[in-house]
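Please look through the sequence and the structure shown below, and then follow the report on the elements of the chain, its surface and its charged side-chain pairs.

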Amino acid sequence: MKKQILSLAVIALLAFAVQSCEKKEPKPAEDELTLGNKVDSLTSDIEEVKDSAVSKAETTATKAKDATEKAANDVKEATKKAAEDVKDATKKGAEKVENAAKAAKDGTVKTAKEVNEALKK
(Lines give C-alpha, C1' and ligand atoms only; values in the text may rest on other atoms or scores of the structure.)
Protein backbone atom coordinates (compact mmCIF):
# COMPACT_ATOMS: atom_id res chain seq x y z
CA MET A 1 0.00 0.00 0.00
CA LYS A 2 2.78 2.39 0.88
CA LYS A 3 4.51 1.54 -2.37
CA GLN A 4 1.36 2.30 -4.31
CA ILE A 5 0.95 5.66 -2.62
CA LEU A 6 4.60 6.44 -3.25
CA SER A 7 4.26 5.40 -6.88
CA LEU A 8 1.20 7.61 -7.31
CA ALA A 9 3.02 10.49 -5.68
CA VAL A 10 6.03 10.02 -7.97
CA ILE A 11 3.75 9.86 -11.02
CA ALA A 12 1.92 13.00 -9.91
CA LEU A 13 5.22 14.83 -9.47
CA LEU A 14 6.42 13.70 -12.88
CA ALA A 15 3.16 14.80 -14.48
CA PHE A 16 3.43 18.18 -12.79
CA ALA A 17 7.06 18.52 -13.92
CA VAL A 18 6.16 17.63 -17.49
CA GLN A 19 3.36 20.20 -17.50
CA SER A 20 5.60 22.98 -16.21
CA CYS A 21 8.33 22.09 -18.72
CA GLU A 22 6.05 22.30 -21.75
CA LYS A 23 7.16 25.01 -24.13
CA LYS A 24 4.91 27.96 -23.72
CA GLU A 25 6.03 30.84 -25.85
CA PRO A 26 4.61 33.98 -24.34
CA LYS A 27 3.74 36.53 -26.96
CA PRO A 28 5.52 39.80 -26.50
CA ALA A 29 3.21 42.66 -25.70
CA GLU A 30 4.11 44.41 -28.93
CA ASP A 31 3.00 41.42 -31.01
CA GLU A 32 -0.40 41.61 -29.38
CA LEU A 33 -0.85 45.19 -30.60
CA THR A 34 -2.86 45.64 -33.70
CA LEU A 35 -1.83 48.03 -36.42
CA GLY A 36 -4.37 50.55 -35.15
CA ASN A 37 -2.99 50.32 -31.63
CA LYS A 38 0.54 50.80 -32.95
CA VAL A 39 -0.54 53.90 -34.86
CA ASP A 40 -2.32 55.25 -31.78
CA SER A 41 0.75 54.56 -29.68
CA LEU A 42 3.03 56.32 -32.16
CA THR A 43 0.63 59.25 -32.44
CA SER A 44 0.56 59.71 -28.68
CA ASP A 45 4.37 59.45 -28.55
CA ILE A 46 4.64 62.14 -31.25
CA GLU A 47 2.20 64.36 -29.32
CA GLU A 48 4.24 63.93 -26.13
CA VAL A 49 7.47 64.85 -27.93
CA LYS A 50 5.77 67.85 -29.58
CA ASP A 51 4.33 69.02 -26.24
CA SER A 52 7.73 68.64 -24.62
CA ALA A 53 9.40 70.63 -27.40
CA VAL A 54 6.79 73.38 -27.16
CA SER A 55 7.19 73.51 -23.39
CA LYS A 56 10.97 73.75 -23.68
CA ALA A 57 10.69 76.48 -26.32
CA GLU A 58 8.29 78.47 -24.13
CA THR A 59 10.61 78.12 -21.14
CA THR A 60 13.59 79.25 -23.20
CA ALA A 61 11.63 82.22 -24.57
CA THR A 62 10.61 83.25 -21.06
CA LYS A 63 14.20 83.03 -19.86
CA ALA A 64 15.39 85.10 -22.84
CA LYS A 65 12.70 87.72 -22.16
CA ASP A 66 13.66 87.92 -18.49
CA ALA A 67 17.35 88.24 -19.37
CA THR A 68 16.57 91.00 -21.89
CA GLU A 69 14.48 92.91 -19.35
CA LYS A 70 17.21 92.57 -16.74
CA ALA A 71 19.84 93.81 -19.19
CA ALA A 72 17.62 96.77 -20.15
CA ASN A 73 17.12 97.64 -16.47
CA ASP A 74 20.86 97.35 -15.84
CA VAL A 75 21.58 99.71 -18.76
CA LYS A 76 18.92 102.13 -17.54
CA GLU A 77 20.36 102.16 -14.01
CA ALA A 78 23.92 102.54 -15.30
CA THR A 79 22.87 105.44 -17.54
CA LYS A 80 21.05 107.12 -14.66
CA LYS A 81 24.10 106.72 -12.39
CA ALA A 82 26.44 108.05 -15.08
CA ALA A 83 24.18 111.08 -15.61
CA GLU A 84 24.17 111.77 -11.87
CA ASP A 85 27.96 111.40 -11.74
CA VAL A 86 28.37 113.84 -14.65
CA LYS A 87 25.95 116.28 -12.99
CA ASP A 88 27.87 116.10 -9.70
CA ALA A 89 31.22 116.50 -11.44
CA THR A 90 29.93 119.47 -13.44
CA LYS A 91 28.55 121.08 -10.30
CA LYS A 92 31.85 120.60 -8.45
CA GLY A 93 33.77 121.98 -11.42
CA ALA A 94 31.52 125.03 -11.60
CA GLU A 95 31.98 125.65 -7.88
CA LYS A 96 35.76 125.46 -8.29
CA VAL A 97 35.66 127.92 -11.19
CA GLU A 98 33.41 130.24 -9.18
CA ASN A 99 35.74 130.06 -6.19
CA ALA A 100 38.73 130.71 -8.43
CA ALA A 101 36.96 133.72 -9.94
CA LYS A 102 36.16 135.06 -6.46
CA ALA A 103 39.74 134.56 -5.41
CA ALA A 104 41.00 136.34 -8.51
CA LYS A 105 38.52 139.17 -7.95
CA ASP A 106 39.54 139.49 -4.32
CA GLY A 107 43.19 139.41 -5.33
CA THR A 108 42.62 142.11 -7.95
CA VAL A 109 40.68 144.33 -5.54
CA LYS A 110 43.35 143.93 -2.90
CA THR A 111 46.10 144.71 -5.38
CA ALA A 112 44.24 147.77 -6.63
CA LYS A 113 43.78 148.97 -3.06
CA GLU A 114 47.49 148.50 -2.42
CA VAL A 115 48.34 150.44 -5.58
CA ASN A 116 45.99 153.28 -4.54
CA GLU A 117 47.49 153.39 -1.08
CA ALA A 118 50.96 153.33 -2.53
CA LEU A 119 50.09 156.18 -4.82
CA LYS A 120 48.70 158.19 -1.94
CA LYS A 121 51.88 157.84 0.05
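From the N terminus on, the elements of the chain run α-α-α, which comes to 3 helices and 0 strands, where helices (H or I, at least four residues) and strands (E, at least two) are DSSP runs numbered from the N terminus. This is a predicted model, in which local features need pLDDT of at least 70 and side-chain atom pairs count only at pLDDT 80 or more, while totals for chains, interfaces and linings use all residues. Residues are numbered from 1 along each chain as its sequence is written, and side-chain values use heavy atoms, with hydrogens and water left out.

Buried residues make up 0% of the 121 residues in the chain, where buried means under 20% relative accessible area, exposed over 50% and partly exposed in between (1.4 Å probe, protein chains only). The chain exposes about 11500 Å², of which carbon and sulfur atoms supply 62%; accessible areas come from the Shrake-Rupley method with a 1.4 Å probe, and for residues only the protein chains shown count as cover.

The count of salt bridges comes to 3, a salt bridge being a side-chain nitrogen of Lys or Arg within 4 Å of a carboxyl oxygen of Asp or Glu.

| Salt bridge | N to O distance |
|---|---|
| E47 and K50 | 3.8 Å |
| D74 and K70 | 3.2 Å |
| D85 and K81 | 3.2 Å |

E47 and K50 are 3 residues apart in helix α3 (residues 35–120), about one helical turn. D74 and K70 lie 4 residues apart in helix α3, about one turn of the helix. D74 is partly exposed at 42% relative accessible area, whereas K70 is exposed at 52%.
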